Amino acid sequence: METKKQSFNSLHNMYAGSLKSFVKQLFIVVLLTFTMQNAVAQNTKYSKKELSDEALVKMLPGFKNGTATVNGIKIHYVAGGHGKPLVLLPGWPQTWWSYHKIMPELAKNYYVIAVDIRGMGSSDRPQTGYDKKTMAKDVAELVHSLGFEKAFIAGHDIGAQVAFSVAANHPDITEKLIIMDVPHPDDSFASTLMLPAVDTPTDKLDPAKPYLWWFAFNQVNGMPEEILLGRIAAFQKYVFNYLLFDESALSSFDRAVYAAAYDSRDGIRAGNGWYKAFPQDILDYKDYAKLQMPVLAIGGPGYNWLQYVMPAKTTNLKVVKAEGSGHFVAEEKPQIVIDYIKGFLNQ
């Protein structure tokens, strides 16, 4: 009887172990299948070739791709038009393509240079140098490498922070400055809430109660690369939809362009580098003198923020609002942005 019982237990343990092993393997297969399906779903609609800079620039007649080695790295840009140079610096999680709706019209009056900043798109993604002061040097050297002594400098989001740093550290090349929806990091950035205040929506931005959860998420070394690789489109969907007033302003093609640009370990790491540099940016900002050149700040939901922050570091400031726009003003309200920029630069 004991022998039979031992045999039964042995058999039970063997099958239980096999079942656990089977379930574990099945879970792994399901997870891998989901990951592969998710990755494929992101890329089946548009090919890699369709999302390339070469294909994108063909959609903007008169513009060409270019690269320059500046400050020890390769910077990619798209340029075209006639007149004084106007540099456009994009933000996270986008690329130079974020300006495609306004570039053709602006190119009628200016030589437009839309730049993939350090770590973005087809530009280099070094391990260091994501503080805005270093990135400002990239831009200043790019302007000089293209044969210009001065330029109009404009930026959105992270690009707005770099643009401000260009004006602060290289005022000799900055004829006028345009900031879109986000100021340079200052002490207010250090007080960003980790937890949302009571009744704060987390799926759609309330400008009166912003919850910038990615500020903290992007600080973590290594984790975003591990969990977002192959899933970046889903992640970006939540960021875009939270910040957009009109979600249709970013087409499925636009979203595919941005997903393709960041869907690599280096792409995710480099984009996070702009956020990890905020503590240094805040320290650098404290030493900046007030800007003497004319400054235009265009706000969507960041309008009040710009009004509050910008006067402390400017002497000739105009703050305007893109009514009915979310964070991505150049894509949500392109004509309003074009009119504001032209009116400001023509003064």
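Me: Which helices each supply at least two residues of the lining of the second largest pocket?

Reply: They are α2 (53-57) and α10 (252-262), helices here being DSSP runs of H or I with at least four residues, numbered from the N terminus. This is a predicted model, where local features need pLDDT of at least 70, side-chain atom pairs count only at pLDDT 80 or more, and totals for chains, interfaces and linings use all residues. Residues are numbered from 1 along each chain as its sequence is written, and side-chain values use heavy atoms, leaving out hydrogens and water.

Me: What is the volume of the second largest pocket?

Reply: It is about 350 Å³, the space filled by probe spheres set on grid points joined across faces, edges and corners. The lining has 19 residues, and Leu-51, Ser-52, Val-257, Ala-260 and Ala-261 are the closest to the centre of this pocket. A pocket is an open set of points on a 1 Å grid over the protein atoms alone where a 1.4 Å probe fits, with protein on both sides within 12 Å along at least five of seven lines; lining residues have an atom within 4 Å of a point.

Me: Which helix gives the largest share of that lining?

Reply: That is α10, with three residues. By class, the lining of the second largest pocket has seven nonpolar, seven polar and five charged residues; Asp, Glu, Lys and Arg count as charged, Ala, Val, Leu, Ile, Met, Phe, Trp, Tyr, Cys and Pro as nonpolar, and the others, Gly among them, as polar.

Me: Why is Thr-174 called buried?

Reply: Its relative accessibility is 2%, and buried means under 20% relative accessible area with a 1.4 Å probe, protein chains only, so Thr-174 qualifies. Thr-174 is found in β6 (residues 174-180), a strand being a DSSP run of E with at least two residues.

Me: What does Thr-174 touch, not counting residues up to four places away in sequence?

Reply: Its partners are Lys-150, Ala-151, Ile-153, Val-166, Ala-167 and Met-293, with contact meaning heavy atoms within 4.5 Å.

Me: What makes the span of α4 close to the expected one?

Reply: Helix α4 (residues 132-145) has 14 residues and reaches 20 Å from first C-alpha to last, against the 20 Å expected at 1.5 Å a residue. The expected span is 1.5 Å times one less than the number of residues.

Me: Which residues of α4 are buried?

Reply: They are Lys-132, Met-135, Ala-136, Asp-138, Val-139, Ala-140, Leu-142 and Val-143. After α4 comes Gly-147, with a positive phi near 90°.

Note on methods. Buried < 20%, exposed > 50% of the residue type's maximum accessible area, 1.4 Å probe, protein only.
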